[in-house]
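Please look at the sequence and the structure together, and keep both in view while the text leads from one part to the next.

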Amino acid sequence: MQRTQKRSNSRVAPAAAGASRGAAKPGGKNVRGGAKVYKTGWKDRWQGYLAHHQSSARDSLQRMLAAPVQSLMTWLVIAVALALPATLLVCLDNIQSLGQRWDGAPQITLFLNPRATERAIADLQRRLESRDDIDTVAYVSAADALKEFETESGMGNALRSLDTNPLPPTLLLTPSTDAAPAALSALGDSLGQQGLVDDVVFDRAWIERLHQILELGEQLAIALGGLLALGVLLVIGNTIRLSIESRRDEIVIVKLVGGTDAFVRRPFLYTGLWYGLGGGVLAMVLLSLLLLLLSGPVAMLADSYQSDFHLQGLGFGGGLLLIVSGALVGWLGAWLAVGRHLGDIEPQ
Amino acid sequence: MIRFDQVSKRYPGGHEALSRLSFEIDRAEMVFLTGHSGAGKSTLLKLIMLMERPSQGQVFVNNQNLNRLTSRQIPQLRRQVGVVFQNHQLLFDRSVYDNVALPLVIEGYNPAEAGRRVRAALDKVGLLSKEKQNPIVLSGGEQQRVGIARAVVNKPKLLLADEPTGNLDPALSAEIMSLFQQFNDVGVTVMVASHDLALIRRMNKRVLGLANGELAHDGVLQHAANAETV
Ligand SMILES: Nc1ncnc2c1ncn2[C@@H]1O[C@H](COP(=O)(O)OP(=O)(O)OP(=O)(O)O)[C@@H](O)[C@H]1O
Ligand SMILES: [Mg+2]
């Protein structure tokens with residue numbers, strides 16, 4: 001009651017521009033075959049439209065705050081549902097950045113043509129060494145390779161029975177550490193085009209495996225996020241359904257005096273938006289608290305490995321995304337609930 | 001202003017509330033709708049508001065064929081029609097002012113203009129001093145007048161009332177009727193469904209008498225003899 005008193009007071013503002021225009025139109029004047037009757041200019045209508053948005057937004061927020069415990073519960077449910085996949089994503093991010101520290105120098109093995117002369121190979125080695133994107137180049141001759149293979153594989157006898165050496169000469173390259181994955185693959189392509197080179201092999205299987213695992217984890221996080229978003233939709237949908245039910249009389253009256261569906265929908269959409277937004281912000285808080293708790297131990301652990309690794313948070317963009325997606329899911333949940341339940345309520 | 005053309009209304013249960021009803025009401029006319037309980041008075045008013053659709057026939061409001069209106073166009077129709085109910089349909093979670101302002105908020109009036117009109121409507125029904133109160137603390141007659149203020153606040157050309165004096169004592173009923181009369185005097189078409197034959201007779205207006213969904217009487221009620229047929 002107090003709330004509505006306040007609202008009515010705010011409308012007691014002194015009459016301004018629109019007054020005379022509205023007064024100039026008596027009851028039955030602008031009848032055009034019963035078509036739409038515009039009683040106010042578009043500017044007034046726009047203002048009225050904005051005013052209703054404002055009052056809907058304020059009103060639904062006030063209704064929420066009037067039942068703080070219940071609202072907080074809803075916010076918490078939404079926050080947990082949003083924070084779970086976000087936490088998973090943040091963890092994956094951190095693992096990835098940890099991986100990138102070791103990812104810097106994958107080895108590239110160039111298998112050379114077995115008929116290449118020593119001079120041509122030495123020439124190629126020099127040329128490669130002078131490139132910016134290559135750090136070191138080591139040469140392993142076919143004979144060296146055979147010797148290494150014999151001692152390491154224990155299949156020396158089998159090989160010795162062959163009269164020619166089946167192993168090609170190889171060059172082992174280390175690319176510059178700051179090479180991006182795309183640059184690396186371009187480097188591989190350009191190396192493959194060298195006349196002497198038969199084959200290019202990137203020696204970073206474990207890193208690729210890590211990437212695969214991270215990718216899998218990311219997909220898992222997205223699937224989990226989708227599932228939990230569905231949960232949020234249901235939670236908000238149900239909350240909105242109850243809210244619609246409790247305002248049934250009001251909806252009937254609004255429809256009876258000419259309220260459009262959009263008008264009736266508006267406060268409920270704002271309710272959903274507030275739930276989602278609140279949930280998103282709360283999820284941010286939960287996630288930040290979690291990271292804060294973990295950052296100490298992680299830094300200590302990293303320190304003991306002489307690493308300056310530290311936990312990364314969501315960052316500004318990620319946080320914004322979390323909040324916006326919360327708001328979006330809230331709005332969508334409300335929209336679905338309103339679409340389902342508002343049609344049932346008609347004046348009788 | 002209102003034209004019914006061979007209108008029938010059959011409810012889902014199979015009961016025919018109105019059968020082949022035809023009549024016409026001119027602009028700025030004041031008409032009473034009467035008949036026994038279940039005669040179809042409320043049904044007739046609901047057809048005008050598109051709260052129900054006719055099973056057969058056509059209803060015209062303001063030369064507009066209501067059969068042609070889609071559900072998206074219903075709000076536009078309802079904004080042209082003011083309605084008053086016996087159970088006044090006020091919202092008790094807001095002030096008298098906000099109840100009356102509702103149609104203007106819906107139409108997107110700017111607050112200053114809306115304020116001016118709400119005050120004018122409340123002044124008209126004599127409740128300007130109660131604008132900040134909650135309608136729940138008002139008497140039955142006052143609540144009914146709030147409902148009337150809300151019905152006329154956006155200056156509709158057509159005013160419908162379904163048993164607006166049903167719960168009121170004779171003095172209050174007469175007061176409400178004279179309010180309707182005043183709106184009619186300034187050109188509003190008024191249609192009032194009522195049981196109160198004594199009051200209707202005193203108003204000396206055209207009366208549509210319904211019996212079992214059919215038009216049994218159309219004209220001014222003057223003599224007690226006429227009343228018998230209604
Ligand atoms: N929604 C509905 N579903 C089924 N039947 C209905 C419905 N509404 C009204 N009826 C029936 O239609 C008939 C006319 O009802 P209506 O409400 O129009 O009468 P009325 O003249 O307004 O009566 P009263 O004076 O008691 O208000 C009644 O027999 C009623 O039972
Ligand atoms: Mg009735």
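**The cores, the sheet and the ligand**

In the largest nonpolar core, which has 74 residues, those that touch the most other members are Leu33(B), Ile48(B), Val100(B), Val118(B), Ala149(B), Leu159(B) and Leu160(B). Such a core is a set of buried Ala, Val, Leu, Ile, Met, Phe, Trp, Tyr and Cys residues joined through C-beta atoms within 7 Å, and a residue is called buried if 20 or more other C-beta atoms lie within 10 Å of its own, exposed if 12 or fewer, and partly exposed in between, with C-beta atoms placed from the backbone. Helix α3 (residues 96–107) of chain B gives the most to this core, with eight residues. Apart from this core lies another, of 37 residues, among them Trp75(A), Ile240(A), Phe268(A) and Leu287(A). In soluble globular proteins, nonpolar side chains tend to be buried together.

The model is predicted, and local features need pLDDT of at least 70, side-chain atom pairs count only at pLDDT 80 or more, while totals for chains, interfaces and linings use all residues. Residues are numbered from 1 along each chain as its sequence is written, and chains are lettered from A and ligands numbered from 1 in the order in which they are written.

Returning to Leu160(B), and leaving aside its neighbours within four places in sequence, one finds this residue in contact (C-beta atoms, placed from the backbone, within 7 Å) with Leu45(B), Ile48(B), Met49(B), Val81(B), Val83(B) and Met191(B).

Chain B also holds an open sheet of six strands in the order β6-β7-β8-β3-β9-β10, with mixed pairing. Helices (H or I, at least four residues) and strands (E, at least two) are DSSP runs, numbered from the N terminus, and two strands pair if DSSP finds at least two bridges between them. Because β6 (81–85) and β10 (214–220) of chain B each have a single partner strand, they stand at the edges, and one side of each is left without a neighbour in the sheet. Within the sheet, β3 (residues 30–35) and β9 (residues 206–211) of chain B run parallel and are joined by five bridges, and Val31(B) stands opposite Arg206(B) in β9(B). Helix α5 (residues 140–152) of chain B packs on the sheet, where this helix touches β6 and β7 (158–162) of chain B, and its direction makes about 170 degrees with that of β6(B); axes are lines fitted to C-alpha atoms, for helices over the stretch in contact, and angles run from 0 to 180 degrees between N-to-C directions.

Other strands of chain B pair in the antiparallel sense, for five bridges join β1 (residues 2–10) to β4 (residues 56–61), and two bridges join β4(B) to β5 (residues 64–65). Phe60(B) links these pairings, being the bridge partner of Arg3(B) and also that of Asn65(B).

Which helix gives the most to the shell around ligand 1? Helix α1 (residues 41–48) of chain B does, with three residues. The residues around the ligand include Tyr11(B), His15(B), Lys41(B), Ser42(B) and Thr43(B), and by class the shell has three nonpolar, eight polar and one charged residues. Here Ala, Val, Leu, Ile, Met, Phe, Trp, Tyr, Cys and Pro count as nonpolar, Asp, Glu, Lys and Arg as charged, and the others, Gly among them, as polar.

Chain A has 12 helices and four strands, and buried residues make up 24% of its 348 residues.

Notes:
A residue is near a molecule or strand if its C-beta atom, placed from the backbone, lies within 6 Å of it. Two residues are in contact if their C-beta atoms, placed from the backbone, lie within 7 Å.
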